[in-house]
Amino acid sequence: MRMVDRQIEARGVRDPRVLEAMRTVPRHRFVPPERAAQAYRDHPLPIGHGQTISQPYIVAKMTELLQPERDDRVLEIGTGSGYQAAVLSRLVAEVYSIEIVEPLARRAETVLKELGYDDVTVRAGDGYAGWPEHAPFDAIIVTAAPERVPQALVEQLKPGGRMVIPVGPVHALQELRLIEKTENGALRDRRIAPVRFVPMTGGDGG
């Protein structure tokens, strides 16, 4: 697929499982019908309610940073269109995804079910609290930007786990960060790249 060859692999994403997932998940099904012709282009797209579907490269890069394993249980904060959850579902055992905008959560849930992504569970709710009933998680991915890393998410990450999250002020460039929890519970925090995401709302984020 041209999107993967030119936008993703050419920029350094190398994990063959991630590349295959990006080739097989039908991105056009996760955007509004009037945007379907633009679905595979190299930029984010609006999906309604002030939210966007991320640029394909960013989806692939964040997924690769998680280093997903087949038996992982992953928490996603910010379901949006459901596309990132669908990509993850091809790589891990279970995906639990939270979306604060209820109409988006319901629409994503419907599309995911129609396409057979049965290992994704979506609920409408506040991502700042995570999903304690299903914690701890092998990996956590956040697709909206809080001003600081929510402590509840850190606590729900397993020792040995990885979190990929954009952090920074509203309406400004943020930093994509990779947070790794060591086996003894210490955190390693690595800054990956400047990014621009919609703000994470709810909780102490407004």
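A pocket, in this tour, is an open set of points on a 1 Å grid over the protein atoms alone, with protein on both sides within 12 Å along at least five of seven lines; its lining residues have an atom within 4 Å of a point. Before you start clicking, note that this is a predicted model, where local features need pLDDT of at least 70, side-chain atom pairs count only at pLDDT 80 or more, and totals for chains, interfaces and linings use all residues. Residues are numbered from 1 along each chain as its sequence is written, and side-chain values use heavy atoms, with hydrogens and water left out.

**Stop 1: the second largest pocket**

Select Pro 44, Thr 52, Ser 54, Gln 55, Ile 58, Pro 194, Val 195, Arg 196, Phe 197 and Val 198, and you have the lining of the second largest pocket. The volume here is about 210 Å³, where a volume is the space filled by probe spheres set on the points, and grid points are joined across faces, edges and corners. Colour the lining by class and you get six nonpolar, three polar and one charged residues. For that colouring, Ala, Val, Leu, Ile, Met, Phe, Trp, Tyr, Cys and Pro are nonpolar, Asp, Glu, Lys and Arg are charged, and the others, Gly among them, are polar.

**Stop 2: the largest pocket**

Now pick Gln 51, Gly 78, Gly 80, Glu 99 and Thr 143: of the 28 residues that line the largest pocket, these lie nearest its centre. Which elements give two or more residues to this lining? They are strand E2 (51-53), helix H3 (56-66), strand E3 (73-77), helix H4 (83-89) and strand E4 (94-99). Helices (H or I, at least four residues) and strands (E, at least two) are DSSP runs, numbered from the N terminus. The largest pocket holds about 340 Å³ of space, and its lining has 14 nonpolar, twelve polar and two charged residues.

**Stop 3: helix H3 and what follows**

Stay with H3 and show its side chains. Ten of its eleven residues are buried, among them Tyr 57, Met 62, Glu 64 and Leu 66. Buried means under 20% relative accessible area, exposed over 50%, and partly exposed in between (1.4 Å probe, protein chains only).

Step on to Gln 67, which follows H3 and sits in the loop between H3 and E3. Its phi is near 50°, a positive value in a residue other than glycine. Gln 67 counts as partly exposed because its relative accessibility is 46%. For another positive phi, go to His 49, where the value is near 60°; that residue is in the loop between E1 and E2.

**Stop 4: an arginine without a salt bridge**

Select Arg 27, in the loop between helix H2 (16-24) and strand E1 (45-48). Arg 27 is buried yet has no salt bridge, and the nearest side chain of opposite charge, Asp 42, is 8.1 Å away. A salt bridge is a side-chain nitrogen of Lys or Arg within 4 Å of a carboxyl oxygen of Asp or Glu; as for charge, Lys and Arg count as positive and Asp and Glu as negative, while His and the chain ends are not counted. What does Arg 27 touch, leaving aside its neighbours within four places in sequence? Its contacts (heavy atoms within 4.5 Å) include Met 3, Tyr 40, His 43, Ile 53 and Tyr 83.

**Stop 5: salt bridges**

The whole structure has 13 salt bridges. Show Glu 180 and Arg 162, whose closest N and O atoms are 2.7 Å apart. Glu 180 is in strand E8 (residues 174-181) and Arg 162 in strand E7 (residues 157-167), so this pair ties together parts that are 18 residues apart in sequence. Both Glu 180 and Arg 162 are buried.

Next, bring up Arg 177 and Asp 189, a salt bridge with its closest N and O atoms 2.3 Å apart. Here E8 carries Arg 177 and strand E9 (residues 187-195) carries Asp 189, so the pair ties together parts twelve residues apart in sequence. Arg 177 counts as buried at 13% relative accessibility, whereas Asp 189 counts as partly exposed at 36%.

For a network, select Glu 102, Arg 106, Glu 109 and Lys 113, which are joined by salt bridges that share partners. Lys 113 and Glu 109 meet at 3.8 Å, N to O. They are about one helical turn apart because four residues separate them in helix H5 (residues 102-114). Lys 113 is exposed, at 55%, and Glu 109 is partly exposed, at 23%.

**Last stop: a cis bond**

Finish at Pro 136, in the loop between strand E5 (120-124) and strand E6 (137-142). The peptide bond from Ala 135 to Pro 136 is cis, with omega near 0°.

How values were computed:
1 Å grid on protein atoms, 1.4 Å probe; cavity = no way out; pocket = protein on both sides within 12 Å on 5 of 7 lines; lining within 4 Å.
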